Amino acid sequence: MQGGCIRQAVGKILQGRTPAGLTEEEVMHITQAGRDKLILEDSLIRLDASPRMIVGDIHGHLDTLLYIFDTFGYPPDKRYLFLGDYVDRGPDGLECMCLLVSYKVLFPDTVHLLRGNHESTITHYYGFYDECARKLNKQAHLHFLCLFDTLPYAALISNSVLCMHGGLSPDLRAIADLERLPRPAPIPDQGLVTDLMWSDPEPGLTGWAIGRGGAYTYGENVVERFCRTNSLQLIVRAHQIVDAGYEFFANKKLITVYSTPNHCERENKASVLCVEPSEEAEGVTLSLRVYNNTHVLRNKTTI
Ligand SMILES: [Mn+2]
């Protein structure tokens, strides 16, 4: 019965019209089923290198999310890892979050969702609370806050590619530190989880400095040392708009992937990162797809 309700909601959202006309009952079903599914996962998700798309910030742009699925494939035929920031800023966070969580419930091994800094109480200030109140009611926003607290914080692909929304932390020394993070929990004011959600790379910086959201910024030497000591090929993160849709840092040891084009009055391109098994014994093969809202601009640039 619940699966039928969720499939019905997916059908409404996939029509692409907004608001999609979701009912409060549907939102309750989706968020409850999403919490039940997400809380089963560890705070660090371990994935193999089966081909999958890694997607950065969507920020309430249903047109972009549907463009990604139309262009690169729908679950469960294609696997996805999303890096967070599904809501706020854009007009349709409700539809984006409900579609992604529905896919998580229907295809839990195919779709993985990480937490971004906007999956939190800051939705009171950046648009999602108002959107919920306008399209449904204030209670709907509370359902989402409970859901947000169950989202995992990081993913490790094939023991060699570490993914999170914001980035590194001085409190993160080993990969195993990520496994012990308790959930469900709100994002705290400072510390490891805050940095995972909020921190940024800083060109020219050596070591650490204070950044936005109570988190740190980190220099190239921090990234290179962390990758070396933890045998990582690459760190993948989102969280910052970058003009080309992606941006390297620290001798290609870190990449920022941003998946919403023309965002916040910028004329930025967008990208998703495809990870596949490597033909060699170790590591994975990574390639970029760069697009705007109507065209794929670069297909399969191997990095
Ligand atoms: Mn962010």
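This is a predicted model: local features need pLDDT of at least 70, side-chain atom pairs count only at pLDDT 80 or more; totals for chains, interfaces and linings use all residues.
## Where a surface residue sits

Is His295 buried or exposed? His295 has 10 C-beta neighbours inside 10 Å, so this residue counts as exposed. You will find His295 in the loop between strand E14 (284-291) and strand E15 (296-302).

## The chain as a whole

Stepping back, the chain holds eight helices and 15 strands. Its radius of gyration is 18 Å, close to the 19 Å that the globule rule gives for 303 residues, so the chain is as compact as a globular protein of that length. Along the principal axes, the C-alpha atoms fill a box of roughly 50 × 40 × 35 Å.

Buried residues make up 47% of the 303 residues. As for contacts in the chain with a separation of 6 or more, 68% of them are between residues 24 or more positions apart.

Now to strand E3 (residues 79-82), which is covered on both faces. Arg79 and Leu81 lie on one side, Tyr80 and Phe82 on the other, and all of them are buried.

Which strands does E3 pair with? Strand E2 (residues 52-55) runs parallel to E3, and four bridges join the two; here Val55 stands opposite Phe82. Strand E4 (residues 111-113) also pairs with E3 in the parallel sense, over three bridges, with Tyr80 opposite Val111 in E4.

Each of these pairings comes with a helical crossover. E2, helix H3 (residues 62-72) and E3 make a right-handed β-α-β unit. E3, H4 and E4 make a right-handed β-α-β unit too.

How many of the 14 residues of H4 are buried? The count is 13, so the helix is largely enclosed by the rest of the structure.

In soluble globular proteins, nonpolar side chains tend to be buried together. In this model the largest nonpolar core has 87 residues, of which Ile54 and Cys163 touch the most other members. H4 gives the most to this core, with nine residues.

Leaving aside residues up to four places away in sequence, Cys163 touches Ile54, Leu81, Leu83, Leu114, Ala154, Ala155, Ile157 and Val236. One of these, Leu81, is a buried residue of E3.

## A three-strand sheet

Finally, have a look at an open sheet of three strands, in the order E7-E9-E8, with mixed pairing. Strand E7 (200-201) and strand E8 (208-210) are the edge strands, each pairing on one side only.

E7 pairs with strand E9 (residues 216-218) in the parallel sense over two bridges. To locate this pairing, look for Asp200, which stands opposite Thr217 in E9.

How values were computed
Residues are numbered from 1 along each chain as its sequence is written. Two strands pair if DSSP finds at least two bridges between them. A residue is buried if 20 or more other C-beta atoms lie within 10 Å of its own, exposed if 12 or fewer, and partly exposed in between; C-beta atoms are placed from the backbone. The radius of gyration is taken over C-alpha atoms; the globule rule is 2.2 Å times the number of residues to the power 0.38. Two residues are in contact if their C-beta atoms, placed from the backbone, lie within 7 Å. A nonpolar core is a set of buried Ala, Val, Leu, Ile, Met, Phe, Trp, Tyr and Cys residues joined through C-beta atoms within 7 Å. A crossover is right-handed if, with the strands pointing away from the viewer, the path from the first strand over the helix to the second runs clockwise.
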